[in-house]
Amino acid sequence: MIITLKQNAAETEVSRLRSELEEKGFIIHPVEGARYNILGLIGDTASLDARQIESLDFVDKVTRIQEPYKKANRKFHPDDSVINVGGALIGGGHFAVMAGPCSVETPEQVLETAKACKEAGATILRGGAFKPRTSPYSFQGMGPEGLELLELAKKETGLPIVSEVMDISQLQYFDNVDMLQIGARNMQNFTLLKEVGKLNKPVLLKRGLSATYEEWLMAAEYIMSEGNEQVVLCERGIRTFETKTRNTLDVTAIPMMHELSHLPIIMDPSHAAGMSRMVRPLSLASVGGGADGLMIEVHNDPSKALCDGPQALRPDQFTSLMKEVIALRQALVECTK
Ligand code: PEP
Ligand code: MN
């Protein structure tokens, strides 16, 4: 971290700041320049609040030269992380497809959809039992009973399952769930992040609606710093000025996250556009962009879905999409040979 001092900075104030920082264990390298004097800080500055130092009236600016995330940072972990979700691998060349309904509704719905997803080549079954809905009057999910139906579908198909946990009090029901999903609206629920960080279970961390890359990685850091390093990032579209689509899929997140972090990143084109007809092109764009997987909402009868029907694919549409996804992945491997 570099602290640039204002030209008229009083010596007494600067030395008070220096001793405060030294007491915290930092080594300070002062540099006197023609126009500015700077203090170079050596040590782990992750716990320092740069804005607080910047607010001192004799400080011109504070520049971080190292990112505040450590565990998620590729600099300290050059190899791709590979996350194992009940046998399905994600990252480091392993591609995962999580598919299934937005919400678990009935035994028939979840079983029929799960079987079709498995047959088409999905590697993980998704389904929400606790649903974060914008309106309190909308269907809120089946709760623990929904998770039981998901487990039944897991037994029938052999697919590992991922489901969203919205609150610590719900974690007691997730013992047989292979991967915990932290939804976009909870990306900065730090209490929840810390709690799932104490478990030995993969976590799917969705990007918040307006989260920057750094905020997203800091959310991952919350989980990882508690000991659980099995984190998969999921880009699900962000809020922009565009109103035609539900959200805007940020494809740039793929190469950027691969550069900044070793964690795998998967793409969710269903929640991004909010329209089933956009799922195919956005999925292919994601594969082309180097994503480590996809999360796609599939419903055996989208017109009757209790949640997110307009963005759900029918099983036949998912089946043809999977063929294209597999073909595109193969073509990419061929052309890089
Ligand atoms: C979901 O996966 O059904 C969901 C609610 O996702 P998000 O948190 O991305 O809106
Ligand atoms: Mn949904």
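Let me start with a strand pairing. Strands β13, residues 265–267, and β14 run parallel, and two bridges join them. Within that pairing, M267 has L294 of β14 as its bridge partner. Before I go on, please keep in mind that this is a predicted model.

β14 has another neighbour. Strand β7, residues 96–100, also pairs with β14 in the parallel sense, here over five bridges. A96 stands opposite G293 of β14.

Now, how many of the residues of β14 are buried? Five of the five are, so β14 is largely enclosed by the rest of the structure. And which way do its residues point? G293, M295 and E297 point one way, L294 and I296 the other, and all are buried. For background, side chains in a regular strand alternate between the two faces of the sheet.

E297 belongs to strand β14, residues 293–297, and D308 to the loop between β14 and α10, so the pair ties together parts that are 11 residues apart in sequence. Are these two buried or exposed? E297 has a relative accessibility of 1%, under the 20% cut-off, so E297 counts as buried. D308 comes in at 17%, and D308 counts as buried too.

D301 is partly exposed, at a relative accessible area of 26%. The side chain of D301 makes a polar contact of 2.8 Å with the side chain of S303. How far is D301 from H262? In sequence, 39 residues; in space, 38 Å, C-alpha to C-alpha.

On to ligand 1. How many residues surround ligand 1? There are 13, and the closest are R126, K131, A184, R185 and R236. Take the contacts one by one. The side chain of K131 has an N or O atom 2.8 Å from an oxygen atom of ligand 1. A184 uses its backbone: an N or O atom there lies 2.8 Å from a ligand 1 oxygen. A polar side-chain atom of H271 is 3.1 Å from an oxygen atom of ligand 1.

Next, the aromatics. A pair of rings is described by the distance of the centres and the angle of the planes. The count is three aromatic pairs. In F130 and F174, the ring centres are 5.9 Å apart and the planes sit at 25°, so the pair is stacked. Why stacked? Because 25° falls under the 30 degrees cut-off. F130 lies in the loop between β8 and α4, and F174 in the loop between β9 and β10, so the pair ties together parts that are 44 residues apart in sequence. Both are buried: F130 has a relative accessible area of 11%, and F174 has 1%.

F190 and Y222 make another pair. Their ring centres are 4.4 Å apart and their planes are at 25°, so this pair is stacked as well. F190 lies in helix α5, residues 190–197, and Y222 in helix α6, residues 213–225, so the pair ties together parts that are 32 residues apart in sequence.

Together with Y173, they form one aromatic cluster.

A quick stop at helix α4, where T157 is found. T157 is buried, with a relative accessible area of 9%. The T157 side chain reaches the backbone oxygen of A153 at 2.7 Å. A polar atom of the T157 side chain also lies 3.1 Å from the backbone nitrogen of L159.

Last, the overall layout. The domain assignment gives domain 1, residues 2–63, and domain 2, residues 74–336. Taken over C-alpha atoms, the centres of domain 1 and domain 2 are 43 Å apart.

Note on methods
Residues are numbered from 1 along each chain as its sequence is written. Chains are lettered from A and ligands numbered from 1 in the order in which they are written. This is a predicted model: local features need pLDDT of at least 70, side-chain atom pairs count only at pLDDT 80 or more; totals for chains, interfaces and linings use all residues. Side-chain values use heavy atoms; hydrogens and water are left out. Rings of Phe, Tyr and Trp (its six-membered ring) pair if their centres lie within 6.5 Å; planes under 30 degrees apart count as stacked, over 60 as edge-to-face and the rest as tilted. Helices (H or I, at least four residues) and strands (E, at least two) are DSSP runs, numbered from the N terminus. Buried means under 20% relative accessible area, exposed over 50%, partly exposed in between (1.4 Å probe, protein chains only). Two strands pair if DSSP finds at least two bridges between them. Domain bounds come from an automatic or database domain assignment. A residue is near a molecule or strand if one of its heavy atoms lies within 4 Å of it. A polar contact is a pair of N or O atoms within 3.5 Å; within protein, one must be able to donate a hydrogen and the other to accept it, and residues adjacent in sequence count only if both atoms are side-chain atoms.
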